[in-house]
Amino acid sequence: MAARAWKKFYRDFGHKRAFLSPIASARHCSSTAETAPKIPHFSKKGRLLTGATIGLVIAGGAYVSTVDEATFCGWLFSATKLVNPLFALLDPEFAHTLAVSAASRGWVPREKRPDPSNLGLEVWGRKFSNPLGLAAGFDKNAVAVDGLLGLGFGFVEVGSVTPVPQEGNPKPRIFRLREEGAIINRCGFNSEGIVAVAKRLGVQHGKRKLDETSTATSSSNEDVKQGGKAGPGILGVNLGKNKTSEDAAGDYVQGVHTLSQYADYLVINVSSPNTPGLRMLQGRKQLKDLVKKVQAARDEMQWGEEGPPPLLVKIAPDLSKEDLEDIAAVALALRLDGLVRYLGMSFNYMLHLLCLKCLNIAFRGLTLQMIISNTTISRPETIAKNPAASETGGLSGKPLFGISTDLLRETYILTRGKIPLIGCGGISSGEDAYNKIRAGATLVQLYTAFAYGGPALIPQIKAELSECLERDGFKSVIEAVGADCR
């Protein structure tokens with residue numbers, strides 16, 4: 001690729017010289033009465049510097065043309081370390097908008113190197129190339145899905161998406177705590193709404209289907225599909241409610257009806273601290289009633305052999321032990337309700353779903369799963385001296401790691417390891433991701449560390465995670481899930 005680019009450069013350069021030569025000749029042949037324009041005189045040092053620069057560019061291009069694609073890809077990711085500090089000089093929300101815009105235009109590196117084989121895993125009947133995902137909140141309106149998946153994430157979660165567009169809370173609403181590796185935000189579900197997001201995801205879904213039809217290289221007999229509905233990676237859609245809405249269940253149902261056809265999994269966000277009354281939905285009765293309505297809305301839709309997307313609930317890290325026990329009980333009860341409801345299906349439909357693959361799909365769709373956790377409203381002592389700590393909103397980043405990991409471990413034990421969990425909160429290294437997995441997470445998500453570290457952090461965490469698994473004798477991620485709870 002690089003070689004072709006340099007050939008084009010030489011061809012264009014030669015063409016320009018040929019085009020300019022007659023003009024230069026005409027100038028010398030013109031009448032002496034006509035004053036020729038003065039050509040600026042460059043000093044000997046200037047000519048030497050110019051020549052040296054051109055020589056270095058040509059030599060660099062020639063060398064790049066001989067480098068393999070994997071090495072060149074590594075260079076591109078490393079180069080982002082030079083650009084990323086510039087974002088720290090910008091307003092936090094403007095820097096965030098700029099980063100999303102860059103990803104949407106393809107101005108970010110694209111991972112060409114395969115992931116380590118021990119990072120691959122199967123969840124919800126789909127193959128993840130690695131367990132590292134991007135949490136909701138970064139790409140709220142699904143404008144940069146392809147670019148973000150191209151960075152090497154195993155999955156990307158967009159949203160939160162509200163039924164009706166809303167501006168969110170007044171600005172400023174994002175605050176950096178750089179020394180602590182943390183962020184406080186009180187955005188309040190700023191969203192362009194489900195219609196705008198559905199249009200974008202619909203276009204992406206159509207391109208994906210077109211590519212599948214044109215290539216048609218994979219076997220239709222595979223039990224587990226490679227990638228997801230957005231392309232080679234998996235796409236999650238996080239659903240929220242409007243601030244002024246009095247019918248929370250209606251908002252989530254509307255999101256399911258509009259967006260679930262484009263999602264590999266759906267998330268009910270009932271834990272953001274920036275929407276008044278939202279966390280009240282985490283109560284045992286409220287959550288059970290809400291999830292049942294959302295499940296019913298999803299199940300009444302037409303689904304192919306892949307079945308409906310799994311349903312997850314995102315919970316807060318500030319729950320009491322009793323609240324957590326209630327949520328775990330709801331998750332297990334709905335799992336059992338799903339089994340009973342499945343066994344109560346009509347005889348004809350039972351025959352249709354007789355094969356093991358269909359049974360797995362049915363059970364997967366009827367199980368409630370969890371993301372642990374959202375941001376915290378608490379302020380650990382480690383950030384007390386930072387002036388920004390007094391700002392209201394949810395705290396994310398390194399100070400959240402211990403709180404969220406303890407909650408993850410407790411949830412894994414309460415659900416007896418029967419429900420896939422996504423660990424989120426404070427991950428900034430491969431060792432952090434590994435500790436989340438050992439505490440019970442099947443998948444993990446980044447956000448704040450990615451905002452600070454940029455694209456170069458993704459291959460770094462994957463490489464470190466792979467080394468951690470090998471160090472402790474685990475052949476795969478699945479083998480390590482919940483290792484600290486056994």
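**Labels and the values behind them**

Reply: Gladly. Take helix α3 (residues 69–87) to start: at 1.5 Å a residue its 19 residues should span 27 Å, and the end C-alpha atoms are 28 Å apart, which agrees. Please keep in mind that this is a predicted model.

Me: Where in α3 does a kink lie?

Reply: At K81, shortly before the proline P85, with a bend of about 30°. The buried residues of α3 are C73, G74, F77, T80 and N84, and their cover includes α14 (448–453) and α15 (457–471).

Me: Why is C187 called buried?

Reply: Its relative accessible area is 6%, and buried means under 20%, so C187 qualifies. C468, at 5%, is therefore buried too.

Me: What makes R284 and D326 a salt bridge?

Reply: Their side chains meet at 3.2 Å, N to O, and the cut-off is within 4 Å, so the pair counts. It links distant parts of the chain, with R284 in helix α8 (residues 284–299) and D326 in helix α9 (residues 321–343), 42 residues apart.

Me: Why does R284 count as partly exposed?

Reply: R284 has 45% relative accessibility; that lies between the 20% and 50% limits, so partly exposed is the label. K285, at 59%, is over 50% and therefore exposed.

Definitions and conventions:
Residues numbered from 1 in each chain as written. Predicted model: local features only at pLDDT ≥ 70, side-chain atom pairs only at ≥ 80, totals over all residues. Heavy atoms only, no water. Buried < 20%, exposed > 50% of the residue type's maximum accessible area, 1.4 Å probe, protein only. Helix = DSSP H or I, 4+ residues; strand = E, 2+ residues; numbered from the N terminus. Expected span 1.5 Å × (residues − 1). Bend = angle between axes of the 7 residues up to and from the residue. Contact = heavy atoms within 4.5 Å.
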